[in-house]
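This report covers charged side chains: how they pair, and where they gather. The structure comes next.

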Amino acid sequence: MGKTVITYGTFDLFHIGHLKLLQRLKQLGDRLIVAVSTDEFNEGKGKKTMIPYSQRAEIVQNIKCVDLVIPETSWEQKLVDVKKYDVDVFAIGNDWEGKFDFLKEHCEVVYLERTQGISSTQIKQTLKTFTISKDEILKAFEILEQLKRDLE
């Protein structure tokens, strides 16, 4: 059997950085396993996701370079997963540099550079700056009403 790679992440608001990361991870081996953080695990870390776990997992599972998606439910499961799935390479973004070196006695540990200029956190912060006024909402309803009348 070929080389198995595993990674972990939330994959909220899936974007090009996520895709490029998964593609780079797949180049490290023959089989790519992605552990997607559950909503409960994220809440325990103080993170709130925009997209529920089941949908995030389904999106990731349908990326052609991903072979298997599993739920990430705890910090401790990484060592268990490395053994359970006979993992050769544990890989994660370099914002975690050094945090998972304890896995080096079980597999290769790789910290990959993040895609510059994009992150889910950045997208969420940008979304907070978008506002819509009451007048804009009323104008949109007026336009919809006019379109409805035009179609009748």
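## Salt bridges

A salt bridge is a side-chain nitrogen of Lys or Arg within 4 Å of a carboxyl oxygen of Asp or Glu. By this rule the model has 4 salt bridges.

The model is predicted, so local features need pLDDT of at least 70 and side-chain atom pairs pLDDT 80 or more, while totals for chains, interfaces and linings use all residues. Residues are numbered from 1 along each chain as its sequence is written, and side-chain values use heavy atoms, without hydrogens or water.

## Buried pairs

D39 pairs with R56; their closest N and O atoms are 2.7 Å apart. This bridge links distant parts of the chain. D39 sits in helix α2 (residues 39–44) and R56 in helix α3 (residues 53–61), 17 residues apart. Helices are DSSP runs of H or I, at least four residues; strands are runs of E, at least two.

Both D39 and R56 are buried (under 20% relative accessible area; exposed is over 50%, partly exposed in between, with a 1.4 Å probe and protein chains only). E72 bridges to K78, with closest N and O atoms 2.6 Å apart. E72 and K78 are buried as well.

## A partly exposed partner

K104 forms a salt bridge with D101 at 3.7 Å between the closest N and O atoms. D101 counts as partly exposed because its relative accessible area is 31%.

## Negative patch

D30, D86, D88 and E108 form a patch of negative charge on the surface. Patch residues have over 30% relative accessible area and no salt bridge, with like charges joined within 9 Å. E108 lies in strand β5 (residues 108–112). Its relative accessibility is 42%, so E108 is partly exposed.

How values were computed:
Patch = residues over 30% accessible without salt bridge, like charges linked within 9 Å, V, L, I, M, F, W, Y side chains within 5 Å. Areas by Shrake-Rupley, 256 points an atom, 1.4 Å probe, with all protein chains shown as cover. Lys, Arg positive; Asp, Glu negative; His and termini not counted. Charge placed at Lys NZ, Arg CZ, Asp CG, Glu CD.
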